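Subject: Structure handover and notes

Hi,

Here is the structure I promised to send you. Please open it alongside this email.

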Amino acid sequence: MSLTIKSCYALRGLYELYKLQNQQTQDEEKIFVSIYNISENTEIPNEFLAKIFSELKKAGIVDSGRGKFGGFNLTKNPEEIKLSEIVEALEVPLNSYDCVTKGDCPNQDTCPADFVWKRVQRAIFDELSKITLKDIIEYGERKGNVSPI
């Protein structure tokens, strides 16, 4: 019962996207960052990251542009992007339980444990909805500023 690597890669990729966007000059209106640059800096496989960002685009978390200066950018400010949105766009935790994903299962009337999986699912998303991309960015910046011993 855990989230997959897709969510981890998405958070790392979005963090890197934010960093690269903010390295650009502030007078540019819409800054796009190539998936290649994000992949290169995070060491996440390019094709897998492109697939993840495609799913994030469908969810409205990132936008994309084509051409020489194309790539991706955030559609909202980091404090407006909840981790629950990101995870929900990519995967459904506990998706092997029909009572959670479909709302029912053949054993719904007799299963003594369905409430457990529903409660765990709700707890995961409740917690993820309290954390924003801004929290990830701030934490990453603090970790990056720690000098090695």
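Below is what I found in it, starting with how the model was treated.

This is a predicted model, so local features need pLDDT of at least 70 and side-chain atom pairs count only at pLDDT 80 or more, while totals for chains, interfaces and linings use all residues. Residues are numbered from 1 along each chain as its sequence is written, and side-chain values use heavy atoms, with hydrogens and water left out.

On confidence: pLDDT is the predictor's confidence in each residue, from 0 to 100. The protein averages 85, and 82% of the residues score at least 70. Confidence is highest in H3, at a mean of 96, and lowest in helix H5 (residues 98–101), at 64. Helices (H or I, at least four residues) and strands (E, at least two) are DSSP runs, numbered from the N terminus.

Next, the core. A nonpolar core here is a set of buried Ala, Val, Leu, Ile, Met, Phe, Trp, Tyr and Cys residues joined through side-chain atoms within 4.5 Å; buried means under 20% relative accessible area, exposed over 50%, and partly exposed in between, with a 1.4 Å probe and protein chains only. The largest such core has 23 residues, and those touching the most other members are Leu14, Leu17, Phe53, Leu56, Val62 and Ile86. Two or more residues come from each of H1, helix H2 (35–42), H3, strand S2 (71–74), helix H4 (83–90) and helix H7 (133–144). H1 gives the most, with 6 residues.

Setting aside neighbours within four places in sequence, Ile86 is in contact with Ala10, Leu11, Leu14, Leu56, Ile61 and Ile81. Ile61 sits in the loop between helix H3 (46–58) and strand S1 (62–65), and its relative accessible area is 0%, so it is buried. Beyond four places in sequence, its contacts include Leu14, Leu56, Leu74, Ile86 and Ala89. The C-alpha atoms of Ile61 and Leu74 are separated by 6.2 Å, with the two residues 13 apart along the chain. In helix H1 (residues 5–23) you will find Ser7, which is buried at 5% relative accessible area.

Asp114, Gln121, Phe125 and Leu128 are buried in H6. They cover an arc of only 70° around the axis, so they are on the same side of H6; the arc is that of the directions from the helix axis to the C-beta atoms.

Finally, salt bridges, meaning a side-chain nitrogen of Lys or Arg within 4 Å of a carboxyl oxygen of Asp or Glu. The count comes to 6. One of them joins Glu55 to Lys6, with the closest N and O atoms 3.0 Å apart. Because Glu55 lies in helix H3 and Lys6 in helix H1, this pair ties together parts that are 49 residues apart in sequence. Glu55 counts as buried at 16% relative accessibility, and so does Lys6 at 15%. Glu55 also forms a salt bridge with Lys51, at 2.9 Å, and Lys6, Lys51 and Glu55 are linked in a network. Lys51, at 47% relative accessibility, counts as partly exposed.

Best wishes

Terms used: Contact means heavy atoms within 4.5 Å.
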